[in-house]
Number of protein chains: 2
Amino acid sequence: MSSEEMSGRSATTAAQVRKDLSLFGSFGKRGLGYDVADLSERLKKILGLDRRWRVALVGAGRIGSALVEYGGFAERSYDVVAIFDSDPSKVGERWGGLRVRDISQFVSVAKDQGVEIVILAIPVEAVPSVMEYVEEAGVRGILNFAPTKLKVPERVAVKDVNMVMELEALSFALSQEDEEA
Amino acid sequence: MSSEEMSGRSATTAAQVRKDLSLFGSFGKRGLGYDVADLSERLKKILGLDRRWRVALVGAGRIGSALVEYGGFAERSYDVVAIFDSDPSKVGERWGGLRVRDISQFVSVAKDQGVEIVILAIPVEAVPSVMEYVEEAGVRGILNFAPTKLKVPERVAVKDVNMVMELEALSFALSQEDEEA
DNA sequence: GCATGTGAATTACTTCACAGCT
DNA sequence: AGCTGTGAAGTAATTCACATGC
C-alpha cells in the first residue's frame, strides 16, 4: 500500500504519512509502497502493542461502566485486571467478572496485580486523594477522564480525554457558520 | 482570576491563555485579571453554548449506551432527542425515555425533530449507508466514533473521537521509557 | 504595581519537490 | 516508471517580553 492510499483512508496526507514513518525508520520500498503486514507488525512493536498492559479502572460510575461495557480494550492490548470505587454501595458489585474493590485497597492490589496503567474516571473532587494511592502504587500511565490537570511525578505519563470538549468544538464550528450566514 | 492562575488549573501556559482569548476579544482588566462569571458567559456565547443543541444518537451498541448512560450531555447544552439502530432486535427498546428507532426512519425523524448534530457510534462497515441518511437529513455536525474518515459535504463539521488511540499513545510513552532505561 | 494584550522572536509542524532506489 | 525518504521552503503555533491601561 502506498502512502497515498493510506492518506486517503485516514485524515492526513501522503507526505505526512511518509514523514511520520520516517521518524522511526524506513519501512517502505521505493516504487512499491509499504507491505501492510510488515508495517503493522513493526508499528505495533514501536507503539508497545506487542505485549499486554495491565490496567486498573478507578471509578465505577457512568464513564467507568461505559468503558468496561465497551470492551474494546481487551481486543487490543489492554487487560482490565481490577476495578475500584470509594462508594460503599458500589464496592462488592460484580462487573464483568471483576469485583469492585474499595479504593483503600488500591496500593496493595495494584502492586500485587502489576498494574501499570490506570483509567481515572472519577469526579474532580475525588482526584487529589485518589492520586495519592496511584502515585504510591508506582503506576506509570494514566488515562484521565476527570476535567482537571493531574499533578504527577515526571515518570508518570498522562493522557487527558474529554468528550464534552469535542462536542463543544462542534457547536463552536456550527455557531461560527451561523454568524457567517 | 489571572491568566497565570488559569494556566495552573489547566494544561497550558499563561501566555497561551492570553493569546487564545485575544483572538476573540478583550476580556480582562490590566492589573486585575479576568472576571470569572463574565468570562464564562462570554465564552459560552462564543462556543455556542448559550443555546440547546438537538442531538441524535446513531448506533445503539456499546459506545452508544455508554454515551447515553454517561448522561453528561444534558447537563451541558446537548439534548439527545432520538436514537437509531439498524439491528431489528434493538429497535423498539427503551433507552432512558427514548425508543430506539430503525435507521430507515432517520431522515423523516431527524427533520421532524430538528436534529443538528449526530453522534455516530456504529461499526466502520455501516458508515457508508448511514451517512447517506445523515447527509440527506441536512445534519450539520457529526461526532464520529467510527475509526474511519467520513466523506461529508463541506458544510458538515466532523469531530473524530478514538479512545483506543489515547491508550495507544500511553503505551507508546511507556514503551519509550522502557527503552531509555 | 500588576497583569493584560500583542507585536516580534522562536520553535514546531506541514507541505513541497525531487534525488535515489526498486 | 513509481513511490519512498528527506532536505528545504513555507505555515502555523507557542513563547517572549514589554508598552499600555487599570
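**The protein surface around the DNA**

Mentor: Around DNA strand C there are 19 residues, of which Arg30(A), Ser3(B), Arg18(B), Ser26(B) and Tyr34(B) come nearest, a residue being near a strand if one of its heavy atoms lies within 4 Å of it. The model is predicted, and local features need pLDDT of at least 70 while side-chain atom pairs count only at pLDDT 80 or more, although totals for chains, interfaces and linings use all residues. Side-chain values use heavy atoms, without hydrogens or water, residues are numbered from 1 along each chain as its sequence is written, and chains are lettered from A and ligands numbered from 1 in the order of writing.

Of the atoms of DNA strand C within 4 Å of the protein, 58% belong to sugar or phosphate and the rest to bases. On the phosphate side, a backbone N or O atom of Phe27(B) lies 3.1 Å from a phosphate oxygen of DNA strand C. The elements giving two or more residues to this surface are α2 (14–22) of chain A together with α2 (14–22), β1 (28–29) and β2 (33–34) of chain B, where helices (H or I, at least four residues) and strands (E, at least two) are DSSP runs. By class, the surface near DNA strand C has three nonpolar, nine polar and seven charged residues, with Asp, Glu, Lys and Arg counted as charged and Gly among the polar ones.

Turning to DNA strand D, there are 21 residues around it, and Ser3(A), Arg18(A), Ser26(A), Tyr34(A) and Arg30(B) come nearest. Of the atoms of DNA strand D within 4 Å of the protein, 55% belong to sugar or phosphate and the rest to bases. A polar side-chain atom of Lys19(A) lies 3.1 Å from a base oxygen of DNA strand D, whereas a side-chain N or O atom of Thr13(B) is 3.1 Å from a phosphate oxygen and one of Gln16(B) is 3.2 Å from a sugar or linking oxygen. The elements that give two or more residues to the surface near DNA strand D are α2 of chain A together with α2 of chain B. That surface has three nonpolar, 10 polar and eight charged residues.

Notes: A polar contact is a pair of N or O atoms within 3.5 Å; within protein, one must be able to donate a hydrogen and the other to accept it, and residues adjacent in sequence count only if both atoms are side-chain atoms.
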